[in-house]
Amino acid sequence: MLSTEFRYFLAVADSGSLSAASRQLFVATSAISRQIQRLEEEVGVPLFDRHARGMVLNDAGKIFEHRLRQSQRDMDATLSEIKGLTAVRRTAIRIACTEGLAYDLLPALCSLFRRQYPSVSFHIQAGNVRQVSESLNRGECDLGLQFCLHPERSVQIAGSWPAPVLVVMSAQHPLASHTFRLQDLSSYPVALTDQTTTVRQLFDLSCQMNGVFIEPTLTCNNFATLYNFLRQTPQAVTLCSRFTVPFNNEDNPLVLRSLDINQLTQRTLQIHLMPGRQHSAAMSLFLEFMTEQLQKRSDQFQEPLHG
């Protein structure tokens, strides 16, 4: 229910230029430019800094964008309440998460929740840490689920659990049953995520701090690729947390080992919400359910055998 001026303003703010907004909206560049100028005249100050390569929000524009998105979220919540969508029916829950969590954990939680509330649907958007935070700030999702290295500002933390980085391998792997060190991994195929993930950042830091160089055999930003490589390469290893490995792996038993390296423990799994945002009844129930399930799963994690 945004006015044309507001829709065009947000499109330019998101895309960074009139031409990009034009392609996104299928509207002539000149029409968008006129609406932006009209809006700035109404506000009384410029909202963008104009550059040769595009348009960037200035301080006034950032304030205006924040208030506009907040107003849009409030209106969406109001319309949902009026339409009766705050009841647990016909409700869609939008989740942004880091990629590994979309592989098994979230599908399992969504499936379990829908056994009790079958009319609830889910939209899951997977990305890196920056993308999850941006999606939450822009109001594109109802909650964010991600691994964090540092305390997060400007968000409400609805739950937090230790999520140390562990070495994952087949139960038949040569290292599965005895002590090993970080440098011992270099003798085997190592599959790693890319540098945008907290797993890779902590692993690279650990190697640097311990004077170890490990060249990954496979690098990918998709955990499913790493997991399937592990399944099909008996001597391969990868790294993840207890929250990332599949719930059920009886057909291909895995073992998880921790390395006695402090850097690999500096991570938590967190549920993020935007402060002050209203939630549907279904969303509130799912938050309670997810928090309970993650706490239960965390409690069940016994101290892994040190490598």
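Guide: Helices (H or I, at least four residues) and strands (E, at least two) are DSSP runs, numbered from the N terminus. This is a predicted model, where local features need pLDDT of at least 70, side-chain atom pairs count only at pLDDT 80 or more, and totals for chains, interfaces and linings use all residues. Residues are numbered from 1 along each chain as its sequence is written, and side-chain values use heavy atoms, leaving out hydrogens and water.

Visitor: How many helices and strands are there in the protein?
Guide: Counting those DSSP runs, you get nine helices and twelve strands.

Visitor: Where is Phe26 placed?
Guide: Phe26 isn't a glycine, yet it has a positive phi of about 60°. Look between two helices, α2 (18-25) and α3 (29-43): Phe26 is in the loop there.

Visitor: Is Phe26 buried or exposed?
Guide: Buried means under 20% relative accessible area, exposed over 50%, and partly exposed in between (1.4 Å probe, protein chains only). Phe26 has 76%, so it counts as exposed.

Visitor: And Ser206, is that buried or exposed?
Guide: Ser206 is in helix α7, which covers residues 198-209. Its relative accessible area is 0%, so Ser206 is buried.

Visitor: Which residues is Ser206 in contact with, leaving aside its neighbours within four places in sequence?
Guide: Contact means heavy atoms within 4.5 Å. With those sequence neighbours set aside, the contacts of Ser206 are Leu182, Ile261, Gln263 and Leu264.

Visitor: What share of the 307 residues is buried?
Guide: Ser206 is buried, and the under-20% cut-off applies here too. Across the protein, the buried share is 47%.
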